[in-house]
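This report walks through one protein model for a reader who has not seen it before. Please keep the sequence and the 3D view at hand while reading.

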Amino acid sequence: MTIAPRFLVIGSCIAIDVACATESKPETIYHYVIVRLDIPPGLRAAQIIHAAGCSGRLAPIPVDAHAIALGASGELQLAALEARLRAAGVPHVAIRESDAPYEGSLMAIGIAPQPRGDLKKLLSSFPLVKT
């Protein structure tokens with residue numbers, strides 16, 4: 001039995017194309033939330049939870065996904081990001097507060113879990129949220 005160089009026989013009956021059989025590492029998935037830094041810490045935590053929960057429904061989240069919380073200086077910076085995400089076609093959710101005193105205000109954005117790709121460029125100006 002002759003086997004072409006690009007095939008590998010495993011056992012006595014299975015041939016696998018070696019080019020396809022090489023194990024490639026799947027792309028790392030990132031789940032980003034961007035929250036306002038000009039709100040009290042407790043409210044900030046609640047908004048992170050809302051944004052992560054809502055955006056987590058937009059795409060599957062593997063157990064090894066990286067969760068990243070970034071901070072926006074305020075509502076204007078967050079609104080500008082929302083416009084850029086929309087223009088780039090990036091799936092996301094915008095969290096707006098329904099209760100006073102922030103009623104109607106944009107509080108956080110959750111981005112659908114996905115490979116980093118172009119997100120890095122869109123999010124590079126936002127610092128990590130610190131506790």
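## Arg36 and its surroundings

Setting aside neighbours within four places in sequence, Arg36 is in contact with Arg44, Ala72, Gly74, Glu75, Leu78, Tyr102, Ser105, Leu106 and Met107. The model is a predicted one. Arg36 belongs to strand E3, which covers residues 29-36. Is Arg36 buried or exposed? Its relative accessibility is 7%, so Arg36 counts as buried, given that the cut-off for buried is under 20%.

The side chain of Arg36 takes part in two polar contacts described here. One is with the side chain of Asp38, at 2.9 Å.

## The chain as a whole

The protein chain has four helices and seven strands. Their order along the sequence is β-β-α-β-α-β-α-β-β-β-α. Of the 131 residues in the protein chain, 34% are buried. The chain exposes about 8300 Å², and carbon and sulfur atoms supply 60% of that area.

Contacts can also be sorted by separation along the sequence. Taking contacts between residues at least 6 apart in sequence, 72% join residues at least 24 apart.

Strand E6 spans residues 106-111. How many of the six residues of strand E6 are buried? The count is six of the six, so strand E6 is largely enclosed by the rest of the structure.

E6 pairs with E3, and the two run antiparallel with three bridges between them. In this pairing, Ile34 stands opposite Ile109 in E6. E6 also pairs with strand E5 (residues 92-96); these two run antiparallel and are joined by five bridges. Here His92 stands opposite Ile111 in E6.

The loop between E5 and E6 contains Pro101. The peptide bond that joins Ala100 and Pro101 is cis, with omega at about 5°. As background, most peptide bonds are trans.

How many aromatic pairs are counted in the model? The count comes to one aromatic pair. The ring centres of Tyr30 and Tyr32 are 6.0 Å apart and the ring planes are at 20°, so this pair is stacked; the cut-off for stacked is planes under 30 degrees apart. Both Tyr30 and Tyr32 are buried.

Tyr32 is found in strand E3. Its relative accessible area is 5%, so Tyr32 is buried. Apart from neighbours within four places in sequence, Tyr32 is in contact with Ile68, Leu70, Ile109, Gly110, Ile111, Arg116, Leu119 and Leu123.

Arg116 has a place beside each of the two tyrosines. Arg116 lies over the face of Tyr30, 4.1 Å from the ring centre. The side chains of Arg116 and Tyr32 are joined by a polar contact of 3.2 Å.

## His66 in strand E4

His66 is located in strand E4, which covers residues 66-72. Is His66 buried or partly exposed? With a relative accessible area of 39%, His66 is partly exposed. Leaving aside neighbours within four places in sequence, the residues in contact with His66 are Thr28, Ile29, Tyr30 and His31.

Two residue pairs that are separated along the sequence are set out below, with their C-alpha distances.

| Residue pair | Separation in sequence | C-alpha to C-alpha distance |
|---|---|---|
| His66 and Ile29 | 37 residues | 6.3 Å |
| Tyr32 and Ile68 | 36 residues | 4.9 Å |

Tyr32 and Ile68 are in contact as well, and so are His66 and Ile29.

## Returning to E3

Arg36 and Tyr32 are both found in strand E3. Among the contacts of Arg36 are Leu106 and Met107, while those of Tyr32 include Ile109, Gly110 and Ile111. Strand E6 covers residues 106-111, and E3 and E6 are joined by three bridges.

Key
Residues are numbered from 1 along each chain as its sequence is written. This is a predicted model: local features need pLDDT of at least 70, side-chain atom pairs count only at pLDDT 80 or more; totals for chains, interfaces and linings use all residues. Side-chain values use heavy atoms; hydrogens and water are left out. Buried means under 20% relative accessible area, exposed over 50%, partly exposed in between (1.4 Å probe, protein chains only). Contact means heavy atoms within 4.5 Å. Accessible areas come from the Shrake-Rupley method with a 1.4 Å probe; for residues, only the protein chains shown count as cover. Rings of Phe, Tyr and Trp (its six-membered ring) pair if their centres lie within 6.5 Å; planes under 30 degrees apart count as stacked, over 60 as edge-to-face and the rest as tilted. A charge sits over a ring if NZ of Lys or CZ of Arg is within 6 Å of the ring centre and within 35 degrees of the ring normal. A polar contact is a pair of N or O atoms within 3.5 Å; within protein, one must be able to donate a hydrogen and the other to accept it, and residues adjacent in sequence count only if both atoms are side-chain atoms. Two strands pair if DSSP finds at least two bridges between them.
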